[in-house]
Number of protein chains: 2
Amino acid sequence: MNLTVAEENYIKSIYKLQDGQAVVSTNAIAYELDTKPASVTDMAKKLKEKKLIDYEKYQGISLTAEGKRIALQIVRRHRLWECFLVEKLSFSWNEVHEIAEELEHVRSEKLINRLSEFLGNPTTDPHGDPIPDAQGKFSKTKQLISLDKATARRLEVAGVADQSSALLEFLNAKGIRLGTQIDVIERYEFDNSVEIKIRNQPAFTISEQVSKNIMVKTL
Amino acid sequence: MNLTVAEENYIKSIYKLQDGQAVVSTNAIAYELDTKPASVTDMAKKLKEKKLIDYEKYQGISLTAEGKRIALQIVRRHRLWECFLVEKLSFSWNEVHEIAEELEHVRSEKLINRLSEFLGNPTTDPHGDPIPDAQGKFSKTKQLISLDKATARRLEVAGVADQSSALLEFLNAKGIRLGTQIDVIERYEFDNSVEIKIRNQPAFTISEQVSKNIMVKTL
DNA sequence: AATATAATTTAGACAAATCTAAATAATATT
DNA sequence: AATATTATTTAGATTTGTCTAAATTATATT
């Protein structure tokens, strides 16, 4: 799929605006890209033709799976270049956006993967925004309970929010340390407790207080 | 002067092909850019309008001073990116051209000057081609006699090709060492000898053998 | 000098990405 | 429900960079 710079910018804007919403409006995209709604309609037809968006007249726009995949690539390129500019070329984080806006359109997978490696495979950019990996996955770092609503998924312990010895003692007793892999078996809404399992051990349940203080990332 | 990518590519090709020639042909440019002569004629009119080339129907094309200035900027960007790709991202020198071809069109003086600094202000790229500085000047490193044909110019000694003690002794006796600034006063074609002068000393003449072994750069 | 060949330009067309102005559809308000 | 407002689309035009085919100019050859 060979996209023009204009097409890439539309994909990126739609991705940015979609976030949660089912569908993005013509007007919103026009405003975001500083262009006119009529131009957005024109481009929507082309992107639909290329199967990168779902679009029916007057019904709004949303990315297809393939469109989203491409959007994540563009976001990855943008954020890695921002890292490079700040960490290697000593730019300040508030002046890198425009330059990264241009660099992100240089298309070479090899280039971007080498760049990522050169930067130590960072997972967030200088603004704190997460950087998707080559497969488009975010390595999310967050509290078990608050954000990761999925059940039956494997997570890796990445840190603790509360450094109190009481918590550390508890985690130690349960065999939970940095890097430990945890399978989430069930979440109970009535008290926000979570049933988890560590490899080769029987499952057990942790309270909301505990789950709110363990930072994990997805694998 | 805000140029499109296409305009920059034309400028770059004309610069490359001009080298010595008074004028470049429509056909040569078309071949170089893998396009048609008719397209070159169209673009020639635009670039003439912008005063970047001298062009009269059927008379060939040449860069104006401003056009050359811009060409040197593009060459600088291209070669610095090649350095980056090879030295920092471990690409091999034969696979960087295409990527640099894209990166060179990202226009930010600050970016390119920071990149140059980051790379240690290199003066040649991985293919051995010289990199112009921010002012468009080459820091040429070469044998006195072979390439630098200009008379009455100041040069700086940058090294010796022949490490024999005989040569080093001679240079020492004449007060010529690394960094010494030399004014070339006259070149004599019949024996390729060169009359030179070092600050505060009487002028003297060096033979072809000697001049062929002193590496200098322009200031 | 006449003619053949090669180089260059012109004329007219096309695709991409945009625009303005007018038309149409969806939504909100009375 | 009728009307006003807002959102969206269509139609037609523009700019940039390109193309093909035909016309023109320059150069080489006899």
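Trainee: How many salt bridges does the rule find across the interface of chain B and chain A?
Mentor: Two. Keep in mind that this is a predicted model.

Trainee: What does E95(B) form a salt bridge with?
Mentor: With K110(A). Their closest N and O atoms are 2.9 Å apart.

Trainee: And how many residue pairs are in polar contact across that interface?
Mentor: Six, with both residues at pLDDT 80 or more.

Trainee: What area do the two chains bury between them?
Mentor: About 1700 Å². Carbon and sulfur atoms account for 71% of it.

Trainee: Which residues in chain B lose the most area to chain A?
Mentor: L89(B), R114(B) and F118(B). Together they make up 28% of what that side buries.

Trainee: Let's switch to rings. How many aromatic pairs are there over all chains?
Mentor: The count is nine. One of them joins W81(A) and F84(A), edge-to-face, at 5.7 Å centre to centre with 80° between the planes.

Trainee: Where do W81(A) and F84(A) lie?
Mentor: Both are in helix 4 (residues 65–87) of chain A. They sit three residues apart, about one turn of the helix.

Trainee: Is W81(A) buried or exposed?
Mentor: Buried, because its relative accessibility is 0%. F84(A) is buried too, at 0%.

Trainee: Why is the pair of F118(A) and F84(B) called edge-to-face?
Mentor: Their planes are at 80°, and the cut-off for that class is over 60. The ring centres are 6.1 Å apart. This pair crosses between chains, from helix 6 (residues 109–118) of chain A to helix 4 (residues 65–87) of chain B.

Trainee: How accessible are those two, F118(A) and F84(B)?
Mentor: F118(A) is partly exposed, with a relative accessible area of 24%. F84(B) is buried, at 0%.

Trainee: Which residues form the aromatic cluster?
Mentor: W81(A), F84(A), F118(A), W81(B), F84(B) and F118(B) form one cluster.

Trainee: Last topic, charges over rings. What lies over the face of F118(B)?
Mentor: K88(B), at 4.7 Å from the ring centre. Elsewhere in the list, the charged end of K174(B) sits over the ring of F204(B), 4.6 Å from its centre.

Note on methods. Residues are numbered from 1 along each chain as its sequence is written. Chains are lettered from A and ligands numbered from 1 in the order in which they are written. This is a predicted model: local features need pLDDT of at least 70, side-chain atom pairs count only at pLDDT 80 or more; totals for chains, interfaces and linings use all residues. Side-chain values use heavy atoms; hydrogens and water are left out. Rings of Phe, Tyr and Trp (its six-membered ring) pair if their centres lie within 6.5 Å; planes under 30 degrees apart count as stacked, over 60 as edge-to-face and the rest as tilted. Helices (H or I, at least four residues) and strands (E, at least two) are DSSP runs, numbered from the N terminus. Buried means under 20% relative accessible area, exposed over 50%, partly exposed in between (1.4 Å probe, protein chains only). A charge sits over a ring if NZ of Lys or CZ of Arg is within 6 Å of the ring centre and within 35 degrees of the ring normal. Buried area is the accessible area (1.4 Å probe) that two parts lose on being put together, summed over both. A salt bridge is a side-chain nitrogen of Lys or Arg within 4 Å of a carboxyl oxygen of Asp or Glu. A polar contact is a pair of N or O atoms within 3.5 Å; within protein, one must be able to donate a hydrogen and the other to accept it, and residues adjacent in sequence count only if both atoms are side-chain atoms.
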